[in-house]
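Please look over the sequence and the model shown here before reading the report that follows.

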Amino acid sequence: MDLTHKPSESDLGKIRDDEFETKSGTEMDPPSGDDNELDQDPNQRPKKKRYHRHTQRQIQEMEAFFKECPHPDDKQRKELSRELGLEPLQVKFWFQNKRTQMKAQHERHENSILKAENEKLRAENNRYKEALSNATCPNCGGPAALGEMSFDEQHLRIENARLREEIDRISTIAAKYVGKPLSSFSHLSSHVSSRSLDIGAGSFGSQSGLVGEMYGAGDLLRSVSVPTEADKPIIVELAVAAMEELIRMAHTGDPLWVPGENSGEVLNEDEYLRTFPRGIGPKPLGMKSEASRQSAVVIMNHISLVEILMDVNQWSTVFCGIVSRAMTLDILSTGVAGNYNGALQVMTAEFQVPSPLVPTRENYFVRYCKQHTDGTWAVVDVSLDNLRPSPISRSRRRPSGCLIQELPNGYSKVIWVEHVEVDDRSVHNIYRPIVNSGIAFGAKRWVATLERQCERLASSMASNIPAGDLCVITSPEGRKSMLKLAERMVMSFCTGVGASTAHAWTTLSATGSDDVRVMTRKSMDDPGRPPGIVLSAATSFWLPVPPKRVFDFLRDENSRSEWDILSNGGLVQEMAHIANGRDPGNCVSLLRVNSANSSQSNMLILQESCTDSTGSYVIYAPVDIVAMNVVLSGGDPDYVALLPSGFAILPDGPATLNGGGIMDVGSGGSLLTVAFQILVDSVPTAKLSLGSVATVNNLIKCTVERIRTAVSCDQNP
């Protein structure tokens with residue numbers, strides 16, 4: 001057994017070591033020439049090892065040191081041994097035993113909690129059983145037969161079955177963790193507490209679509225299983241090596257990183273190969289490398305940033321334009337000292353561009369979080385594809401992630417590194433320049449999204465709101481409710497517009513025009529979505545117009561009648577406006593469409609527009625007037641039914657400075673995705689008619705033509 005300490009090993013490695021440490025205590029039997037075992041009588045019993053008791057002072061000093069640092073390194077142990085007059089090995093064994101003792105206390109406490117919970121569930125289960133056994137028919141007074149029970153009694157039966165499963169599950173977990181640290185306990189409630197997510201156009205039937213859980217027909221997310229016990233030491237080694245690589249990648253300058261085309265930095269591949277060992281193996285055939293680095297100062301404290309990155313639900317929400325689906329498969333460590341320092345979790349995620357023309361990138365990876373000695377936090381991902389080889393994996397993550405440094409006044413400095421290997425041959429031609437430039441999936445997009453979302457969050461928590469912003473919003477609570485509703489609308493749109501493997505897009509035959517893709521979803525028992533059959537349609541196309549011009553045209557209520565066919569040419573007025581960022585384009589609005597026909601009722605539209613250097617969105621949904629009044633008064637926005645539609649506007653490539661005009665894809669134009677959701681039948685069990693498909697197809701094509709005409713006229717007056 002190797003008793004030497006490796007100073008370069010991380011805290012995580014130390015945690016792992018503790019699992020296999022010997023319980024040698026402080027027993028020391030120094031070798032002596034007189035005690036040669038070869039000279040001993042074979043019939044004589046071996047000498048008993050001498051135990052060296054520590055003095056009270058030695059114990060007090062080591063106890064005090066343990067409180068500050070339970071994992072002393074080699075240098076600290078030698079220093080301590082000199083001060084206390086002990087051997088370094090004695091100090092090492094004392095700390096090992098102390099950690100084992102603390103771990104045992106923790107296990108006993110956790111097991112008692114589990115036992116109490118188990119007993120509580122058993123008592124509840126028995127109570128339900130008794131209630132069911134005494135059930136009587138409400139009509140004749142006799143024993144109740146199946147089918148004659150009241151709704152409440154049927155509910156009791158269902159609850160009983162659920163509780164039985166819960167008892168079995170907790171009993172299994174209790175048995176599994178006897179004698180082991182209960183670090184994975186937090187995953188018990190993770191699925192229950194998962195925030196419900198509108199999938200927009202992305203789910204079918206009655207699938208629920210919780211963030212962090214599978215929905216639809218995603219091959220990778222469905223097939224990947226929880227890592228085995230044999231995998232875990234390998235995962236730990238990969239995570240530790242990935243963290244070291246990320247730190248060096250974040251801090252090393254030229255020649256490892258060279259200036260990129262789009263104000264970011266790109267990796268010098270040859271220098272990378274010389275500098276770093278190939279931790280996850282050589283680049284697979286048919287894949288190319290993409291690497292970029294970006295830094296920024298954001299208006300959020302470092303602790304909140306770490307929490308966003310380590311909580312799959314928050315991560316999926318904040319980066320909903322990039323992360324179409326994500327789930328945590330296993331939590332190997334929850335961290336120490338009540339924070340995420342040392343946290344380690346196995347995840348799977350699907351990354352997207354908001355267009356059905358760009359295939360998503362699915363990854364199976366480990367995420368590791370660590371606080372370094374200088375106070376900097378780091379969160380790193382690295383793919384685990386070598387553990388689960390899969391023919392469908394078209395991308396993998398080399399060490400990627402970010403460093404977070406605390407700054408005064410609640411700000412943080414972030415250095416983001418993205419390094420992937422990907423087979424992107426199936427990307428549509430018009431999206432190739434933006435994908436190849438790194439804007440689509442690179443560090444700049446992650447950082448730009450984070451900056452915008454931090455500004456949005458800061459504005460939602462602001463208390464000094466200008467009176468002009470309030471309009472019909474009567475209270476700060478109403479403002480928060482409206483922002484929360486808009487957030488759900490944006491998530492619904494973003495997760496439903498891409499080429500996720502959960503989406504069964506059908507391409508309609510197109511003659512001489514852009515392909516329109518459609519899919520259906522049956523919506524039932526979801527208070528956040530109207531019941532019935534929803535038809536989703538989306539198309540992406542190139543415009544020879546700068547993205548900002550397209551964004552300003554689509555978000556402006558005064559030009560809405562030029563493209564919005566459903567508003568029937570009515571006058572559009574802004575009733576409420578909430579700015580949620582420095583850019584005036586980042587805002588949430590409540591619009592009223594005054595119908596030109598006096599016999600038709602007026603319509604309310606909730607709209608959020610958001611923009612950054614890597615892309616823009618204009619997303620909207622018709623809303624019920626009564627329901628919106630509840631929201632504006634601070635009521636719960638989760639019960640407002642939404643069917644979001646809207647636009648995703650991306651640059652067609654890296655920014656160009658030439659004055660030659662926009663002649664072709666990649667010369668400064670826009671990539672526009674238009675996506676509609678239309679309720680074609682309010683009965684979820686109804687059949688979809690071809691007439692409905694034709695109507696939505698014509699609607700989206702007419703809208704596209706109107707936009708083309710309007711922005712081209714603006715461009716060439």
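Pro527 counts as partly exposed because its relative accessibility is 45%, where buried means under 20% relative accessible area, exposed over 50% and partly exposed in between (1.4 Å probe, protein chains only). This is a predicted model, in which local features need pLDDT of at least 70, side-chain atom pairs count only at pLDDT 80 or more, and totals for chains, interfaces and linings use all residues. Residues are numbered from 1 along each chain as its sequence is written, and side-chain values use heavy atoms, with hydrogens and water left out.

Pro527 sits in the loop that runs between strand E12 (517-523) and strand E13 (532-543), strands being DSSP runs of at least two residues and helices (H or I) runs of at least four, numbered from the N terminus. Beyond its neighbours within four places in sequence, Pro527 is in contact (heavy atoms within 4.5 Å) with Asp638, Tyr639, Val640 and Ala641. Leu642 is 115 residues from Pro527 in sequence, while their C-alpha atoms are 9.2 Å apart in space.

Tyr411, in the loop between strand E9 (400-406) and strand E10 (412-422), is likewise partly exposed, with a relative accessible area of 33%.

Confidence is given as pLDDT, the predictor's confidence in each residue from 0 to 100; the protein averages 76, and 71% of the residues score at least 70. Mean confidence is highest in E9, at 95, and lowest in helix H1 (residues 11-19), at 43.

| Stretch with pLDDT under 50 | Contacts beyond four places in sequence |
|---|---|
| residues 1-40 | 67 contacts |
| residues 176-222 | 121 contacts |
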